[in-house]
Amino acid sequence: MNARRLLKLTHLASMMWFMLCVGYIVVRALYEAGFRWWVIFTLSGHSALAVFLLVSLYLFAVFRGVGSAQHIAQEHPLTSTQYYMGLYVAAPLLGGLAGVLGMLGVSDPHRFLAGISLGTLGTTFAVWVLIDPVAGLVEMLLPDSRRHRAERLAKIEAERRARHERRERLLAEAFAREAQERQRWQERLQPHAERLAGLLATDATGLHKAEQEAVDIGAKAWRLGGLTCMRQLRDMAIEIRKGQSGRTESVDYVSYWWDGIGDWRRPSLG
């Protein structure tokens, strides 16, 4: 069994022991306060789910820390070691052992169990709440740790800037290619746009023939550059038609004529 798996199993056993001790202290305190046993178990039943969820979240956080090595050895020379992590996760078990040793010779079973439980809570509190934060703070103040942290953060920031610059460069290249493509299409689509503009001026008697010719022009635009090319051709034709008629708006028959060509769909009437 490797050290990582052993740490996880030890922590699981420690947390189960810790919950057992806390439950005993709570139940014993309620009983000594005058609560009936059925009231105590009712209260425990309502709170069991919340306690279980909280402990599960804590187990996930610690298991993740143990499994993915959250501490960087250069910045945490003590708390990143396997020995320290073993002490950390085994704190409830060590506290229970200390409680057993401290209560040797006590004949009263309630006092004996209370001493073990209090020893577990006291040791766990001391290691998790007092010793561990102080040890981590001391490590962060060490010159080597501060220097490595500064270098690591600078490297992360440099990588972030490099990714941002690379992303901006790729976007600029994409926009430049699109602009070049549009310029190339502009030259090739100009005659078709002028013809489409003329078809938009067709009267009602010639709409069917105009639609057939517009469909052929739309199919050519689709083969040339897909939906983007078709949109550019439609916009060019409408602008030319506005200039010919002197109106600010023009009827957009093209959007309906081209329905079904490639990915082109007519606009919704709603």
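Reply: Read along the sequence, the protein chain shows the pattern α-α-α-α-α-α-α-α. This is a predicted model, in which local features need pLDDT of at least 70, side-chain atom pairs count only at pLDDT 80 or more, and totals for chains, interfaces and linings use all residues. Residues are numbered from 1 along each chain as its sequence is written, and side-chain values use heavy atoms, with hydrogens and water left out.

Me: How many helices and strands does the protein chain have?

Reply: Helices (H or I, at least four residues) and strands (E, at least two) are DSSP runs, numbered from the N terminus. In the protein chain there are 8 helices and 0 strands.

Me: What share of the residues in the protein chain is buried?

Reply: A residue is buried under 20% relative accessible area, exposed over 50%, and partly exposed in between (1.4 Å probe, protein chains only). Of the 270 residues in the protein chain, 25% are buried. Accessible areas come from the Shrake-Rupley method with a 1.4 Å probe, and for residues only the protein chains shown count as cover. The protein chain exposes about 17900 Å², and carbon and sulfur atoms supply 62% of that area.

Me: Is Thr-10 buried or exposed, and which residues does Thr-10 touch?

Reply: Thr-10 has 19% relative accessibility and therefore counts as buried. Its place is in helix 1, residues 3–32. Contact means heavy atoms within 4.5 Å. Leaving aside residues up to four places away in sequence, Thr-10 touches Val-89, Ala-90 and Leu-93. For the protein chain, among contacts with a separation of 6 or more, 71% come from residues 24 or more positions apart.

Me: How many salt bridges are counted?

Reply: A salt bridge is a side-chain nitrogen of Lys or Arg within 4 Å of a carboxyl oxygen of Asp or Glu. The count by this rule is 9. One of these joins the side chains of Asp-144 and Arg-147, at 2.8 Å from N to O. Both residues lie in helix 6, 3 residues apart, about one turn of the helix. Asp-144 is partly exposed because its relative accessible area is 47%, and Arg-147 is partly exposed at 46% relative accessibility.

Me: Which residues are linked with Glu-157 in a network of salt bridges?

Reply: The network links Glu-157, Arg-160 and Arg-161. Within it, the side chains of Glu-157 and Arg-160 meet at 2.5 Å, N to O. Glu-157 and Arg-160 are 3 residues apart in helix 6, so about one helical turn separates them. Glu-157 counts as partly exposed at 30% relative accessibility, as does Arg-160 with a relative accessible area of 41%.

Me: What is the distance between the closest N and O atoms of Arg-266 and Asp-259?

Reply: In the salt bridge of Arg-266 with Asp-259, these atoms are 3.3 Å apart. Arg-266 is partly exposed, with a relative accessible area of 46%, and Asp-259 is partly exposed at 33% relative accessibility.

Me: Which residues form a positive surface patch?

Reply: Patches are made of residues with over 30% relative accessible area and no salt bridge; like charges are joined within 9 Å, and nonpolar side chains (Val, Leu, Ile, Met, Phe, Trp, Tyr) within 5 Å. Lys and Arg count as positive and Asp and Glu as negative, while His and the chain ends are not counted. The place of a charge is NZ of Lys, CZ of Arg, CG of Asp or CD of Glu. Here the positive patch is formed by Arg-163, Arg-166, Arg-167 and Arg-169. Arg-169 lies in helix 6, residues 143–200, and counts as partly exposed because its relative accessibility is 46%.
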